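Please read the following note with the model open beside it. The points are numbered so that each may be checked in turn.

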Amino acid sequence: KDDTICIYGGNIGTASGLDEFIKFIPKINSRVKFIFAGDGSLVPELRRLVNEKKMNDRVFFITPWPSEMTSSVLSAADILLLPTAEGQEFSSVPSKLITYMLASKPIMLIADCESEIAKELKKAECGLVISTRSSEMVDYGFLEFLQKSDKMKEKMGLCGIQYAKNNYSYELSVNKIYSLLK
């Protein structure tokens, strides 16, 4: 297995940043293949760009994406992709981050390093943050990932699931809400 499978799973809309990310793919190491699983307003445009740029051998779509397939789709990844539309990373921390952490796979985040989502990823030690939105930096991030040992990639995934369980469990969340209401 020489290819590295990078999966984005979720809403393929404007906040996803996939319309910007897809322009970086031609510069990324050709060993990396991408699966965009989900549905949303950007799907037709992304498919058009994949065809126009002749990336059909590297970019694949699973759309629509039934929610019952979430676990099996995310578990097929070597790395989970979490781009954000520029500026969007300051609006919220996407719930997709927790879903990705629970999948026990390393995460490639494209977001400003001062955003809460980047800070959470760094605290969890479960992935890489690319804070400069350029083909060169995105390619560099993927090269850095490809050079990591399988053991290190597995450790990143395990750090993510542990962090999610320790910080976002149902019990913990209920206790936090309860203490706020006191």
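1. The largest pocket has a volume of about 180 Å³. On a 1 Å grid over the protein atoms alone, a pocket is an open set of points where a 1.4 Å probe fits, with protein on both sides within 12 Å along at least five of seven lines; lining residues have an atom within 4 Å of a point. Volume is the space filled by probe spheres set on the points, which are joined across faces, edges and corners. Among the 13 lining residues, Ala15, Ser16, Gln88, Pro94 and Lys96 are the closest to the pocket's centre.

2. This is a predicted model: local features need pLDDT of at least 70, side-chain atom pairs count only at pLDDT 80 or more, and totals for chains, interfaces and linings use all residues. Residues are numbered from 1 along each chain as its sequence is written, and side-chain values use heavy atoms, leaving out hydrogens and water.

3. Phe90 lies in the loop between strand S4 (79–83) and helix H4; helices (H or I, at least four residues) and strands (E, at least two) are DSSP runs, numbered from the N terminus. Leaving out residues up to four places away in sequence, Phe90 touches Asp112, Glu114 and Ser115, where contact means heavy atoms within 4.5 Å. The C-alpha atoms of Phe90 and Ala124 are separated by 19 Å.

4. Why does the span of helix H7 (residues 150–168) agree with expectation? At 1.5 Å a residue, its 19 residues should span 27 Å, and the end C-alpha atoms are 27 Å apart; the expected span is 1.5 Å times one less than the number of residues.
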